Amino acid sequence: MGFFTAARQGRKDDAELGKGLWRRANDRFHRGLDRYHQVLEGVEDEQLYAELVEIANQLAELSGRVRNVCVEAQQRSPSDGLDIPHSLAGVHRALSKAGNSLAATAEAAAMLRLAVGPVPVGAASVWRRAETVFEQVADAERLLAEA
């Protein structure tokens with residue numbers, strides 16, 4: 001991403017997500033996704049790599065959903081600070097958990113990458129972690145719809 005493209009995206013993010021709570025939740029999710037993709041770069045086992053890429057693709061599809069939740073939350077309860085609005089506390093909690101679970105998913109993938117020899121169960125541990133991320137993003141969407 002070039003300098004001007006990054007600056008333009010930053011202004012768009014400021015307009016849609018603000019500079020507070022919802023922007024941080026969106027950015028945390030993206031950092032976790034970036035970290036997961038960085039872990040993929042060092043995987044040498046082709047079968048494991050293919051499994052991890054499939055997980056990466058599904059996690060990347062969540063990115064737009066997370067952004068939509070954050071944009072709508074910013075519209076409903078604008079934030080330029082770190083105060084969590086009571087009416088959307090559950091949404092923020094679900095997004096925070098999703099970001100943390102995504103980081104744990106990247107960690108599980110890194111542990112597999114460092115495994116010595118063939119991995120007998122493939123990426124099962126990474127799939128379990130990723131399932132948690134899927135559930136938490138769905139929870140955030142549901143809680144936002146209920147609010």
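I began with A94, and I found A94 sitting in helix α4. A94 counts as buried because its relative accessibility is 6%, where buried means under 20% relative accessible area, exposed means over 50% and partly exposed is in between (1.4 Å probe, protein chains only).

**What I am looking at**

This is a predicted model, so I noted its ground rules: local features need pLDDT of at least 70, side-chain atom pairs count only at pLDDT 80 or more, and totals for chains, interfaces and linings use all residues. I also wrote down that residues are numbered from 1 along each chain as its sequence is written, and that side-chain values use heavy atoms, with hydrogens and water left out.

I counted elements next and got 5 helices and 0 strands. From the N terminus on, they run α-α-α-α-α. For my own reference, helices (H or I, at least four residues) and strands (E, at least two) are DSSP runs, numbered from the N terminus. The chain has 147 residues, and 41% of them count as buried.

I checked pLDDT, the predictor's confidence in each residue, from 0 to 100. The chain has a mean of 90, and 90% of its residues reach 70 or more. Where is confidence lowest in the chain, and where is it highest? The lowest is in helix α1 (residues 3–17), with a mean of 69, and the highest is in α5, at 97.

**Helix pairs**

Two packed helices are described by the angle between their axes and the distance between the axes. Axes here are lines fitted to C-alpha atoms, for helices over the stretch in contact, and angles run from 0 to 180 degrees between N-to-C directions.

I took α4 and α5 as my opening pair, and their axes come within 8 Å and cross at roughly 165 degrees. The two are therefore roughly antiparallel to each other; angles over 145 degrees count that way, while under 35 is roughly parallel, 65 to 115 roughly perpendicular and the rest oblique. The crossing of α4 and α5 is left-handed, meaning the near helix is turned anticlockwise from the far one by less than a right angle (clockwise would be right-handed). I sorted the residues of this contact into 16 nonpolar, 6 polar and 3 charged. In that scheme Ala, Val, Leu, Ile, Met, Phe, Trp, Tyr, Cys and Pro count as nonpolar, Asp, Glu, Lys and Arg as charged, and the others, Gly among them, as polar.

My next pair was α2 (residues 21–40) and α4 (residues 89–113), with axes that come within 9 Å and cross at roughly 10 degrees. That angle makes α2 roughly parallel to α4. Their crossing is left-handed, and the contact residues divide into 14 nonpolar, 7 polar and 3 charged.

Then I turned to α3 (residues 46–76) and α5 (residues 124–146), which pack at about 20 degrees with their axes 10 Å apart. So α3 is roughly parallel to α5. This crossing is left-handed, and I listed 16 nonpolar, 1 polar and 6 charged residues in the contact.

**A look at α2 by itself**

I ran along α2, which has 20 residues and reaches 29 Å from its first C-alpha to its last. That is close to the 28 Å expected at 1.5 Å a residue, the expected span being 1.5 Å times one less than the number of residues. Among the buried residues of α2 I noted W22, F29, L33 and Y36.

**Single residues**

Is P78 buried or exposed? P78 lies in the loop between α3 and α4, and counts as exposed because its relative accessibility is 63%. Its C-alpha is 8.4 Å from that of W22, 56 residues apart in sequence.

D83 is found in the loop between α3 and α4, and D83 is exposed, with a relative accessible area of 71%. D83 and G20 are 63 residues apart in sequence, but 8.4 Å apart C-alpha to C-alpha.

I finished with L143 in helix α5. At 24% relative accessibility, L143 counts as partly exposed. L143 and A89 are 54 residues apart in sequence and 9.3 Å apart in space, C-alpha to C-alpha.
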